[in-house]
Amino acid sequence: MNSTALGRLIHTELLLVAREPAAVFTSVILPLAIFLALGFSVGGVEIPVDRDAGVVEMFHVRDVLLAGNIAWVTAIFGIVSLPQALVAFRQHGVFRRYRVTPMPSYMLIAAPLTVGAVVITASLALMLVVGWGVFDIRFAGNAALVALAIFVSYMAFAALGAAVTARIRNVRTALGLGFVFFAPMYVLSGSFGPRETFPAALRVVGDWLPLTHSYDLLTFLWLGGTWEVETTIGTPIWFSFVYLGVLAAACVAAAARLFRWD
Amino acid sequence: MRPTNALALQVKSLRKVYGDVVAVDDLSFEVERGSIFCMIGPNGAGKTTTIECIEGLRKPDAGSVVVAGLDPMADRARFVHTIGVQLQDVGIPPRMKVREALRLFASLYRTSISQSELTDELGLDGSLRKQYGSLSGGQKRRVNIALALVGNPEIAFLDEPTTGLDPEYRFRFWEYLKRQNSRGMTIVATTHYMEEAREYCDEVLLMNEGRVAASGPPERLIAESGLAARVVLPRATLGTLGEDDLAALPGVVHVRTTETSFYIYGDGNLVGDVSDFLSERGVSPGVVEARPANLDDVYFLAVGNQDPQGGRK
């Protein structure tokens with residue numbers, strides 16, 4: 001195998017994603033549309049944000065919209081689009097075919113993960129351009145920390161999606177299962193609306209959903225919050241980071257154990 | 001027993017069971033390096049299971065497989081560089097273009113056959129920009145063959161490579177494969193086409209119900225079967241004469257009866273013996289078809305009157 005094989009596989013799978021309108025729509029077009037719609041409707045509303053142990057500063061809703069959107073983009077790509085692609089490979093016998101070539105096993109997951117990272121980055125870049133150009137949004141955080149948080153969030157959801165669909169051979173089943181996981185998380189995480197308005201029981205359920213941690217981690221870091229700041233869950237930001245990291249590690253282990261070639 | 005280094009493939013006492021169905025049962029055979037080896041047999045004879053056990057896609061329940069001195073499971077990293085595989089079922093993403101698939105697969109191997117040579121020889125020049133899912137069955141088959149050969153493998157495993165190909169492409173495929181073989185590539189293929197096996201294969205393995213029914217060079221199999229000719233008589237013109245009457249004739253090895261005809265297999269005097277017998281009975285059979293025996297006849301004798309479309313995986 002020459003050194004360009006992984007690059008060739010990533011390039012080929014990027015082209016496959018670009019030819020899949022649903023993946024482009026849910027990960028790039030839809031978040032941008034929601035960003036624009038909410039930005040124009042409630043983007044100007046002011047919100048007080050606790051950035052550092054009681055240091056409250058005023059921001060606008062539009063300032064946190066982008067970070068919140070990226071949280072659920074990592075979730076929908078990790079839980080829906082990525083497993084859909086992996087299960088399609090299993091259903092069409094692509095994994096079997098690759099298995100009798102010199103392609104190393106790690107490339108089978110490294111390539112679609114990289115493709116996902118490219119799609120999420122594209123989605124983020126597009127929203128940043130629109131956010132700064134149209135809404136003049138404010139970024140008060142540390143770019144490296146936010147990038148790390150996006151990475152951990154993406155890994156957690158991708159590993160969760162891979163583990164849940166490790167033995168599924170039908171794309172429709174994978175798609176259905178993906179939305180069964182994603183839809184309640186989207187509603188209960190705060191992406192859909194303020195969690196403070198939910199009944200107590202739903203808030204408790206939401207507290208343990210990974211998208212809630214991803215949403216809080218990204219939005220608080222985006223606004224310049226320190227690791228010790230308490231999120232809407234009632235735990236410090238670092239807890240959400242650790243929570244997503246542990247989830248990623250556990251799901252990688254489960255996916256590796258459960259994975260079937262065909 | 002030949003020395004091991006002369007062997008491309010050695011299968012010993014292979015057994016594979018699915019539930020209560022024995023797909024491959026105590027199967028043993030060897031393939032010499034640089035030869036073209038064909039596995040033939042009815043659907044469900046165990047050909048695909050055997051070839052997938054050899055490729056390491058299925059784990060045998062018993063027995064051993066050695067490919068170019070390597071264990072397909074234990075020596076996986078070296079093994080996959082040695083072989084080229086064409087699976088019977090598809091294995092390419094439907095939206096991937098042919099050109100992309102060829103480039104991707106070529107990048108996986110240390111050496112590769114020129115992509116322009118492959119696309120030219122297999123008639124894929126016009127399909128390079130098309131998505132795999134939009135191709136016809138025959139085009140898909142040719143793409144899969146190209147992907148099996150693109151890494152210039154030491155041994156190519158091809159599972160029914162010519163099924164779905166029109167006669168021209170079947171001819172072009174085998175002629176190209178012969179050239180690759182003359183450059184040292186060992187070919188292991190399954191096929192349903194007896195004339196292909198006879199014309200292009202150095203040795204054939206006839207499988208039935210997971211076992212070896214016969215094996216050897218095609219001409220030797222025909223010679224050893226005791227068959228020299230086949231005569232077909234229409235049943236409607238033979239009156240009360242039946243299968244038992246024909247089977248009792250000297251030199252008749254086997255009679256196969258269908259709804260409309262008797263298929264009589266026998267030795268070198270078969271045509272004369274049948275003709276004399278019918279004359280003695282005053283029967284004029286009308287249209288009589290007679291021809292020298294071929295591998296089809298050996299196949300039918302070996303697998304009996306089994307429905308060729310039936311059977312197991």
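A residue is called buried if 20 or more other C-beta atoms lie within 10 Å of its own, exposed if 12 or fewer do, and partly exposed in between, with C-beta atoms placed from the backbone. The model is predicted: local features need pLDDT of at least 70, side-chain atom pairs count only at pLDDT 80 or more, and totals for chains, interfaces and linings use all residues. Residues are numbered from 1 along each chain as its sequence is written, while chains are lettered from A and ligands numbered from 1 in the order in which they are written.

Most residues other than glycine have a negative phi. Glu209(B), not a glycine, has a positive phi of about 50°. Glu209(B) counts as partly exposed because it has 18 C-beta neighbours inside 10 Å. Its loop joins strand E8 (203-208) to strand E9 (211-216) of chain B. Helices (H or I, at least four residues) and strands (E, at least two) are DSSP runs, numbered from the N terminus. Ala68(B) also has a positive phi, near 50°. Ala68(B) is buried, since 20 other C-beta atoms lie within 10 Å. The loop that holds Ala68(B) runs between strand E4 (62-67) and H2 of chain B.

Chain B is divided into domain 1 (4-222) and domain 2 (227-292); such bounds come from an automatic or database domain assignment. The C-alpha centres of these two domains lie 39 Å apart.

The chains meet through 22 residues of chain B in contact with 22 residues of chain A. Contact requires C-beta atoms, placed from the backbone, within 7 Å. On the chain B side, helix H2 (76-82), strand E5 (83-86) and helix H3 (98-107) each supply at least two residues. H3(B) gives the most, with five residues.

In chain A, helix H7 (residues 171-188) has 18 residues. Its buried members are Ala174(A), Leu177(A), Gly178(A), Phe181(A), Phe182(A), Met185(A) and Leu188(A). They pack against helix H3 (61-91), helix H6 (143-164), helix H8 (200-207) and helix H9 (210-222) of chain A.

A nonpolar core is a set of buried Ala, Val, Leu, Ile, Met, Phe, Trp, Tyr and Cys residues joined through C-beta atoms within 7 Å. The largest has 161 residues, of which Ala159(A), Leu218(A), Ala101(B) and Ala146(B) touch the most other members. H3(A) gives the most to this core, with 19 residues.

Note on methods:
Contact = placed C-beta atoms within 7 Å. Expected span 1.5 Å × (residues − 1).
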